[in-house]
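Please give me a short report on how the chains in this model meet. Keep it plain enough for a first look.

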Number of protein chains: 4
Amino acid sequence: MTEPPTVSLDFRVRYSETDQMGVVYHANYLVWCEIARTELIRRRGAPYAELERQGIFLAVADATVRYHAPARYDDMIRAVSWVEDVRSRTVTFGYRILRIDEAGAAPPERLASAQTRLIALDGDSRPRRLPPDLIHALQNA
Amino acid sequence: MTEPPTVSLDFRVRYSETDQMGVVYHANYLVWCEIARTELIRRRGAPYAELERQGIFLAVADATVRYHAPARYDDMIRAVSWVEDVRSRTVTFGYRILRIDEAGAAPPERLASAQTRLIALDGDSRPRRLPPDLIHALQNA
Amino acid sequence: MTEPPTVSLDFRVRYSETDQMGVVYHANYLVWCEIARTELIRRRGAPYAELERQGIFLAVADATVRYHAPARYDDMIRAVSWVEDVRSRTVTFGYRILRIDEAGAAPPERLASAQTRLIALDGDSRPRRLPPDLIHALQNA
Amino acid sequence: MTEPPTVSLDFRVRYSETDQMGVVYHANYLVWCEIARTELIRRRGAPYAELERQGIFLAVADATVRYHAPARYDDMIRAVSWVEDVRSRTVTFGYRILRIDEAGAAPPERLASAQTRLIALDGDSRPRRLPPDLIHALQNA
């Protein structure tokens, strides 16, 4: 059994993403998942901005996040994404959110795990099929 | 078998909460769940701001959201929350996000369902027990 | 010289609006200004959602905020808005953000003052004239 | 007369930053200014996270933004910041927000100009003096 190929992206925690508990506000992890997801789609050759111009909108149908350790302001974050499942009208992505030690002395620390299922919609918000070439690109076969 | 008592709060969708798909950005539903959750805690006599002053922080440990229909700018939203489970160190809340017909002609429409499990932390972010009176208030016994 | 008529709206500070300094993140005051501005437009008979359906978009051309005292989580906020100036293609709004004492013992405390100038755009993001009835409604003559 | 030295940072527009007008929501430019400002402070040898640990908080006292052209989803943004003025208790930053042509064929396009004045606070939110070495670092003399 092989691991699915992943795409990852590094960025720094913004001050605006913290809350008064002194850590990143929990809803922002879904934003980070999306950054990783759109980067994955881009690298598979189908930039999401281009998909929307073609009338293919991917709307989040469900989302699950498990929080393991808090991210803090100025942390260097690595958002990792992969495709878990592709069907005719939906695609499921998996995510890991990690904290990177910039000095390179420690291994990345797992902050959160997440999964989102997206459903394809047309420009009028009606369910539609994913085009075959997009399915192929997402399967990365 | 009885339904748990719920607390609900109505508010209008803000323009800042929409995205370019013309609907509310999916991560904002977690913000709405939190508004309903803190209102529930307030009405049970333990305002969350007061809990933090006592060194009791409730951090989201996991969250699940299912999106049924999109909320749009200026919609009147009803966020409904209830306690699903209380343990010595965690409390699980359930949520329904509804759209209200302001004219009163149609029944509320279900937009999303969600669940979050929160873990009690002390001021140094270490797990701690929920105080007995808070457990009692959350159980609403 | 008379004061312009104002519209105000009360709401509670959300946890998501705080940052790790323990106060409301400064950019959120622009969100609150917008809530007051759209409420003013609604009460003058021209809901902003309806304007957009008619192809009239009001885009912020410049914004100035002065911060006098910080808002905190769970504070009850009053956002006050009024029209400062209406021209053929732009409208300038003024704002005061206040903290309300829910017990009613103290007068409202001024937290911020702001001003935004909005420019009318059509559906293709080109400048356009404000319709006469909208100008009239905004002038509240 | 010489231009002040600037610091700039490039990043991509997030989907969460757009609104239903199809462009970046105006309050987010203040977030981008902050990213550039904290990067400037970091490169001058005084990471803001470290300043807060030393009990030096920089709170925004006033902010002005002029919007020239809209940023859109997936645009590559360059946020440029410089120090305009340093006094014993305040520091004023200037900003330019640009859109970068990733192909390198066109010059950067100016999207917004901004200015924020920050006031130094201690851990109890009382005004305090900026430490001499921080003043020196900000002046970049």
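Through which surface do the copies, chain D and chain B, meet? They meet through the same surface, because 100% of the interface residues of chain D are also interface residues in chain B.

## Ground rules

This is a predicted model, in which local features need pLDDT of at least 70, side-chain atom pairs count only at pLDDT 80 or more, and totals for chains, interfaces and linings use all residues. Residues are numbered from 1 along each chain as its sequence is written, chains are lettered from A and ligands numbered from 1 in the order in which they are written, and side-chain values use heavy atoms, with hydrogens and water left out.

## Chain D against chain B

Nine residues of chain D and nine residues of chain B take part in the contact. Contact here means heavy atoms within 4.5 Å.

The two chains bury about 920 Å² between them, and carbon and sulfur atoms carry 58% of it. Buried area is the accessible area (1.4 Å probe) that two parts lose on being put together, summed over both. On the side of chain D, D:Y15, D:Q20 and D:Y25 lose the most area to chain B, together 61% of what that side buries. That side divides into four nonpolar, four polar and one charged residue. In this scheme Ala, Val, Leu, Ile, Met, Phe, Trp, Tyr, Cys and Pro are nonpolar, Asp, Glu, Lys and Arg are charged, and the others, Gly among them, are polar.

Six residue pairs are in polar contact between chain D and chain B, both residues at pLDDT 80 or more. A polar contact is a pair of N or O atoms within 3.5 Å; within protein, one must be able to donate a hydrogen and the other to accept it, and residues adjacent in sequence count only if both atoms are side-chain atoms. The count of salt bridges across this interface is zero.

## Chain B against chain A

Chain B superposes on chain A by a rotation of 180 degrees with 0.0 Å of shift along its axis (RMSD 0.0 Å). The two copies are thus related as by a two-fold rotation axis. Again one surface serves both copies: 100% of the contact residues of chain B recur in chain A. B:T64 comes closest to the axis of the residues of chain B, with its C-alpha at 2.2 Å.

About 1,900 Å² is buried, of which carbon and sulfur atoms give 57%. Eight residue pairs are in polar contact, both at pLDDT 80 or more. Helices (H or I, at least four residues) and strands (E, at least two) are DSSP runs, numbered from the N terminus.

## Strands and the residue B:D62

Strand β2 of chain A and β2(B) run antiparallel, joined by five bridges. Strands pair if DSSP finds at least two bridges between them. B:D62 lies in strand β2 of chain B, and B:D62 is the bridge partner of A:R66. B:D62 touches residues including A:V65, A:R66 and B:R117. Its side chain makes a polar contact with the side chain of B:R117 (2.9 Å).

## A salt bridge between chains

Side chains of opposite charge can pair when their charged atoms come close. A salt bridge is a side-chain nitrogen of Lys or Arg within 4 Å of a carboxyl oxygen of Asp or Glu. Over all chains the count comes to 56. One of them links A:R42 and D:D74, with the closest N and O atoms 2.8 Å apart. A:R42 lies in helix α1 of chain A and D:D74 in the loop between β2 and β3 of chain D, so the pair joins two chains.

Terms used. Least-squares fit on C-alpha atoms with pLDDT ≥ 70 in both. Lists of a residue's contacts leave out its neighbours within four places in sequence.
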